[in-house]
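Student: Please take me through this structure one feature at a time. For each feature, I would like the general idea and then the case at hand.

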Amino acid sequence: MGTELEQILDGIGPRLHTLRRDRGLTLEALAATTGISVSTLSRLESGKRRPTLDLLIPLARAHRVALDQLVAAPATGDPRVHLTPLRKGNGSIVVPLTQYPGRVQVFKHVLAPREPKLVTHDGYEWLYVLAGELRLVLGEHESTLHPGEVAEFDTREPHWFGPANTSTVEILHLFGPRGDQAVVRTKPSATDSAPATTTPPRSTTS
């Protein structure tokens, strides 16, 4: 148990460093968010200081991860579920959430700053902003989306999306390779006797 505990503790520092780097945060910015000094954060990441709960809890909140993700607790739940992050060359991270060939694919993206480059391809996409600000370019139109806001569009239109500033942005990304569109179902109110309606969404941002 002593050796196993040492291995767990030794892995927390590099994991904290990776989380901070992936989110484009400086030690100073993280210190301002957590109230933990820059020197303490630096020592934690380098392994020169042992992590404690009073340090890990605010860090988990700042990085928007569960505490067990910081300490690499053994996986629980369905063993068939494997979420493997894929690192891209530009510093972005993609986490596939589904594996359904030919059907709508779902990903979580952590997008790093990069130069805009419009692309086109068959399909339909939905973007939901989890954290940060997302810049979306659709043809000649450009929008900035904030946490909780959604965009949907036909990918045959020239498009590009990424961080709206120098920080990373986290999004939930759905892609329909065959151009599948979402179906919005609404229930009638208690005073409305009309049946529920099903309408396709417009290719706009919301």
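Student: Is Arg50 to be read as buried, exposed or partly exposed?

Tutor: The classes rest on relative accessible area: under 20% is buried, over 50% is exposed, and anything in between is partly exposed (1.4 Å probe, protein chains only). Arg50 has a value of 38%, and is therefore partly exposed. Please note that the model is predicted, that local features require pLDDT of at least 70 and side-chain atom pairs pLDDT 80 or more, whereas totals for chains, interfaces and linings use all residues. Residues are numbered from 1 along each chain as its sequence is written, and side-chain values use heavy atoms, without hydrogens or water.

Student: With which residue does Arg50 meet in a salt bridge?

Tutor: In general, side chains of opposite charge can pair when their charged atoms come close. The rule applied here asks for a side-chain nitrogen of Lys or Arg within 4 Å of a carboxyl oxygen of Asp or Glu. The partner of Arg50 is Asp10, with 2.9 Å from N to O. Asp10 belongs to helix α1 (residues 2-22), while Arg50 sits in the loop between α3 (38-46) and α4 (53-63), so the bridge ties together parts 40 residues apart in sequence. Asp10 is also partly exposed, because its relative accessibility is 47%.

Student: Which residues touch the most other members of the largest nonpolar core?

Tutor: Such a core is a set of buried Ala, Val, Leu, Ile, Met, Phe, Trp, Tyr and Cys residues joined through side-chain atoms within 4.5 Å. Here the largest core has 16 residues, and Leu16, Leu41, Leu59 and Leu70 touch the most other members. The elements that contribute two or more residues are α1, α2 (27-34), α3 and α4. The largest share, five residues, is from α4. Leu16 contacts, beyond four places in sequence, Leu44, Glu45, Leu56, Leu59, His63 and Leu70. A second, separate core of 12 residues includes Leu138, Phe153, Phe161 and Ile171.

Student: How many cavities of 30 Å³ or more does a search of the whole structure find?

Tutor: Rolling a probe the size of a water molecule over the atoms shows where empty space is left. On a 1 Å grid over the protein atoms alone, a cavity is a set of points where a 1.4 Å probe fits but cannot get out; a pocket is an open set with protein on both sides within 12 Å along at least five of seven lines, and lining residues have an atom within 4 Å of a point. Points are joined across faces, edges and corners, and the volume is the space filled by probe spheres set on them. The search finds one cavity of that size, and the largest cavity holds about 30 Å³. Its lining consists of Leu16, Leu30, Leu41, Leu44, Glu45, Leu59 and His63. α3 gives the most to this lining, three residues.

Student: What space lies in the second largest pocket, and which residues line this pocket?

Tutor: The second largest pocket contains about 190 Å³. The lining residues are Arg23, Leu25, Ala62, Arg64, Ala131, Gly132, Ser167 and Thr168. Among the residues already named, Arg23 and Arg64 are also in contact with Glu170.

Methods: Contact means heavy atoms within 4.5 Å. Helices (H or I, at least four residues) and strands (E, at least two) are DSSP runs, numbered from the N terminus.
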